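The structure is shown first.

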Amino acid sequence: MIEEILRKKAINVLEKNQREFSGNLYTVPSPETYPHQWLWDSCFHAIAYSTFDIKMAKRELKSVVNRQFENGMIPHMNYWDNTQKFVDIKWGTRDTSAVTQPPLVATAVWKIYEKDKDKDFLEEMYEHIRRFHKYLINYRDSRGHGLIGIINPDESGEDNSPRFDSLLELPPKHTMEENFSKRLELVEKYKACEFDTHDCMRMLFWVKDVPFNSIFVSDLEYLAKISKELKKGDEEEILNRRQVIIDAMRKRMFEDGLFWSIFGNSHEKIKVRTWHFFAPLYAGILNLEEAQKVVYLLKDEFNCKYSVPTVSKKEESYDPNVMWRGPVWMNVNWFIFEGLKRYGFKKESEKILENTKELLNISGFREFYNPETGEGLGAKDFTWGALILDMNMEQ
Ligand code: GLC
């Protein structure tokens with residue numbers, strides 16, 4: 001249970017950030033810092049909205065799929081209102097970016113469906129999701145190894161995570177500007193490649209990331225449920241694909257009880273210790289014994305006054321104040337919370353829930369938080385804390 005006052009604050013931040021543009025209703029993650037629509041943000045919003053405003057939850061997802069590409073890709077940014085100021089980049093095309101973000105649309109759609117059993121909405125979203133998933137399979141696993149590749153750190157949603165440092169040729173300590181310019185260089189190269197992902201881009205940056213693949217495994221599980229509900233007849237095919245990814249993750253990413261992101265044609269492991277260790281819990285990929293070992297890390301190198309730091313304290317790159325290089329993020333807490341609940345780790349999930357509430361209570365709705373002091377950092381009036389509305393101990 002969350003306190004009524006916190007619930008109201010969460011609802012308020014979402015409602016304040018709602019925008020409408022030519023009939024498209026969506027929510028900006030932060031009015032000052034992020035005045036557009038982002039793919040995984042909108043899924044988090046829809047999950048939160050589903051607890052109090054089903055209509056808006058649906059509108060949010062409808063607008064996020066509105067500019068889906070011919071080939072099925074859903075762009076990570078929609079610039080509805082182009083007059084809005086934003087950092088002066090377009091990430092590829094005029095109305096949208098040309099890269100994507102982790103697939104959570106089926107997840108959000110199912111959370112909505114659980115509440116109102118509206119089959120028309122399921123039907124409307126089903127094709128969009130199926131096409132997006134097929135895009136990921138066809139274009140991002142063109143050699144059929146079973147794993148999905150990302151072509152820019154931003155596609156992971158964790159823009160400057162130290163998991164990507166070595167591939168960007170950056171040392172463990174560097175400035176935000178250095179990091180950003182490397183990521184933008186990749187976008188420029190992508191344009192020069194004429195947005196050809198599998199023949200050109202995969203030579204430049206090609207990471208099979210643990211969270212992205214875990215989130216996809218989970219989204220496929222939700223799509224299978226949707227398919228079953230709609231009697232589409234492809235539930236088995238969807239679940240088979242899910243298994244293909246799980247098998248490939250085990251074969252190529254797993255070592256001594258931990259999953260590691262891999263890169264390039266050689267599938268080399270990126271040995272950087274981040275919260276991604278917990279992503280397979282969210283996807284239900286581990287057996288109980290394996291899960292226990294991973295959960296132990298929460299008491300060890302990921303143990304901070306405020307859970308859960310996104311990077312292990314053991315890492316040279318760990319910095320409690322810099323974006324994806326240490327601070328707590330609410331979506332990561334949500335993923336880990338869901339994973340712990342799935343495996344029945346009651347005490348641990350309760351702790352994360354308590355910590356999440358505490359951070360929101362002491363520092364408000366911010367983009368990320370210092371795990372040692374609880375200080376709120378980054379963008380203000382940031383929406384992801386509203387995921388608290390979906391975090392409860394009931395199964
Ligand atoms: C930052 C985050 C990314 C998010 C975007 C909008 O770039 O790293 O995950 O989607 O902001 O909130």
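Leaving aside neighbours within four places in sequence, His133 is in contact (heavy atoms within 4.5 Å) with Pro103, Phe216, Asp219, Leu220 and Leu223. With one of these, Asp219, the side chain of His133 forms a polar contact of 2.9 Å. A polar contact is a pair of N or O atoms within 3.5 Å; within protein, one must be able to donate a hydrogen and the other to accept it, and residues adjacent in sequence count only if both atoms are side-chain atoms. His133 belongs to helix α5 (residues 119-140) and is buried, at a relative accessible area of 1%. Buried means under 20% relative accessible area, exposed over 50%, and partly exposed in between (1.4 Å probe, protein chains only).

The model is a predicted one: local features need pLDDT of at least 70, side-chain atom pairs count only at pLDDT 80 or more, and totals for chains, interfaces and linings use all residues. Residues are numbered from 1 along each chain as its sequence is written, and side-chain values use heavy atoms, with hydrogens and water left out. Helices (H or I, at least four residues) and strands (E, at least two) are DSSP runs, numbered from the N terminus.

**Ligand site**

The ligand is surrounded by Pro29, Tyr34, Trp38, Trp40, Asp41, Gln101, Gly157, Asp159, Met323, Trp324, Phe382 and Trp384, where a residue is near a molecule if one of its heavy atoms lies within 4 Å of it. This shell divides into eight nonpolar, two polar and two charged residues. Ala, Val, Leu, Ile, Met, Phe, Trp, Tyr, Cys and Pro count as nonpolar, Asp, Glu, Lys and Arg as charged, and the others, Gly among them, as polar.

| Residue | Atom of the residue | Distance to a ligand oxygen |
|---|---|---|
| Trp40 | polar side-chain atom | 3.0 Å |
| Gln101 | side-chain N or O atom | 2.9 Å |
| Gly157 | polar backbone atom | 2.6 Å |

Taken alone, the ligand exposes 310 Å², and the protein buries 96% of that; the areas come from the Shrake-Rupley method with a 1.4 Å probe, and for residues only the protein chains shown count as cover.

**Two buried glutamates**

Glu158 lies in the loop between α5 and α6 (176-192) and is buried, with a relative accessible area of 1%. Not counting residues up to four places away in sequence, Glu158 touches Pro153, Arg163, Phe164, Pro211, Trp275 and Trp324. The C-alpha atoms of Glu158 and Trp324 are 5.8 Å apart, although 166 residues separate them along the chain. Glu338, in helix α11, is also buried, at 13%. Beyond its neighbours within four places in sequence, Glu338 is in contact with Lys111, Tyr282 and Asp390.

**Helix α10**

The buried residues of α10 (residues 288-296) are Glu290, Ala291, Val294 and Val295. They lie on the same side of α10 because they cover an arc of only 135° around the axis, taken from the directions from the helix axis to the C-beta atoms. Exposed Glu289 and Lys293 sit on the face turned away from that buried side. The cover over the buried residues includes α8 (235-253), α11 (330-343) and α12 (346-363). At the start of α10, a side-chain oxygen of Asn287 comes within 3.1 Å of the backbone nitrogen of Glu289.

**Backbone geometry**

Most residues other than glycine have a negative phi, and most peptide bonds are trans. Ser22, in the loop between β1 (18-21) and β2 (24-27), has a positive phi of about 35° and is exposed at 63% relative accessibility. Lys231 has a phi near 55° and is exposed at 73%. The peptide bond from Ser307 to Val308 is cis, with omega near -10°.
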